[in-house]
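User: Please take me through some of the labels used for this model. I want each one set against its rule.

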Amino acid sequence: MSIDVSGVNKRYGDFVALQDINLTLPTGQLTALLGPSGGGKTTLLRIIAGLETADSGSVVIEGVEATRLPVQKRNVGFVFQHYAAFKHLSVARNVAFGLEIRKKPKAEIRAKVDELLQLVHLDAFADRLPSQLSGGQRQRMALARALAIEPSVLLLDEPFGALDAKVRKELRDWLRRLHDEVHVTTVFVTHDQEEALEVADEIVVVNEGRVEQVGSPDQLYDEPANDFVMGFLGEVTTLGGVRLRPHDVEVATVPGSGSLPGTVTRALRVGFEVRVTVDVAGQDALATVVMTRTHARALRLEPGAAVWLTPADGATAVAGSRPARPAEEAVAG
């Protein structure tokens with residue numbers, strides 16, 4: 001196993017940053033630490049890197065006890081959100097920096113830098129300064145610099161957080177392809193659910209210093225361990241006392257078996273989607289349904305329209321919540 005975190009605790013005065021963290025992250029995997037701001041994910045990443053010291057517990061990297069090892073002896077590559085580039089050095093010299101301080105032969109450094117710049121598609125920009133690159137290019141340079149030392153583990157702290165949405169999308173696609181090529185064990189921190197679901201092999205949901213759930217993107221989205229995980233990984237609505245994904249609610253204009261009656265209060269188009277708000281009979285909270293524009297038009301869903309709602313077959317719900325009841329049972333209850 002590549003990274004083993006056992007019984008890690010960390011406090012800052014009275015604030016509990018991490019509480020009894022136990023994780024095993026397999027070799028070669030791309031893992032996301034996902035959670036809200038202040039939840040502890042960056043603190044955990046910095047403890048793995050050696051940039052912070054845990055109050056108790058241990059960190060083992062590639063079978064080596066690393067709990068008390070300084071950063072430079074952990075063979076870890078670290079990429080920050082704001083690049084931390086050497087502004088006066090060219091792109092090539094930035095990438096070469098880690099190899100130069102390790103006093104590698106010049107020919108070896110030159111060959112490695114050329115290889116990495118081709119890998120991150122920056123070979124045409126080798127002689128430019130970081131200020132002459134776009135934000136996405138600077139982040140690719142930072143990744144190349146981290147990979148230059150051939151780290152056992154690559155740690156990324158919200159690597160795309162400072163970029164606009166379009167560039168973030170392009171870079172996370174690129175990061176997934178890069179990881180599939182180099183296969184270095186990678187852990188990245190993000191608060192962006194879509195980013196984690198799209199890029200990671202495994203997601204660790206961290207909240208209030210605790211691990212809420214660990215699993216594949218599909219497992220976490222389809223089988224959330226609790227209300228927090230379900231709500232954090234996507235939109236949630238309520239129907240008949242059960243928390244569901246809005247796209248897991250079926251809408252009909254005639255009553256059906258187990259359906260709950262309601263009235264459309266709003267139909268908002270957002271691109272190809274339509275978000276329909278429904279006042280469900282006997283339910284205090286409004287229900288939200290997400291469907292395609294074509295489907296909404298076919299049903300003629302306008303404010304005031306009468307509809308009947310049913311949880312879709314296989315709908316995601318929090319483990320342990322009761323199933324939705326047929327309308328007649330709900331009224332009787």
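Analyst: The count comes to three aromatic pairs. Rings of Phe, Tyr and Trp (its six-membered ring) pair if their centres lie within 6.5 Å. This is a predicted model: local features need pLDDT of at least 70, side-chain atom pairs count only at pLDDT 80 or more, and totals for chains, interfaces and linings use all residues. Residues are numbered from 1 along each chain as its sequence is written, and side-chain values use heavy atoms, without hydrogens and water.

User: What makes the pair of Phe 78 and Phe 80 tilted?

Analyst: Their centres are 4.6 Å apart, with 45° between the planes. Planes under 30 degrees apart count as stacked, over 60 as edge-to-face and the rest as tilted, so this pair is tilted.

User: Why is Phe 78 called buried?

Analyst: Its relative accessible area is 18%. Buried means under 20%, exposed over 50%, partly exposed in between (1.4 Å probe, protein chains only). Phe 80, at 33%, therefore counts as partly exposed.

User: Why are H4 and H5 called roughly parallel?

Analyst: H4 and helix H5 (residues 165-182) pack at about 25°, with axes 10 Å apart. Axes are lines fitted to C-alpha atoms, for helices over the stretch in contact, and angles run from 0 to 180 degrees between N-to-C directions. Angles under 35 degrees count as roughly parallel, over 145 as roughly antiparallel, 65 to 115 as roughly perpendicular and the rest as oblique. The two helices are therefore roughly parallel.

Terms used:
Helix = DSSP H or I, 4+ residues; strand = E, 2+ residues; numbered from the N terminus.
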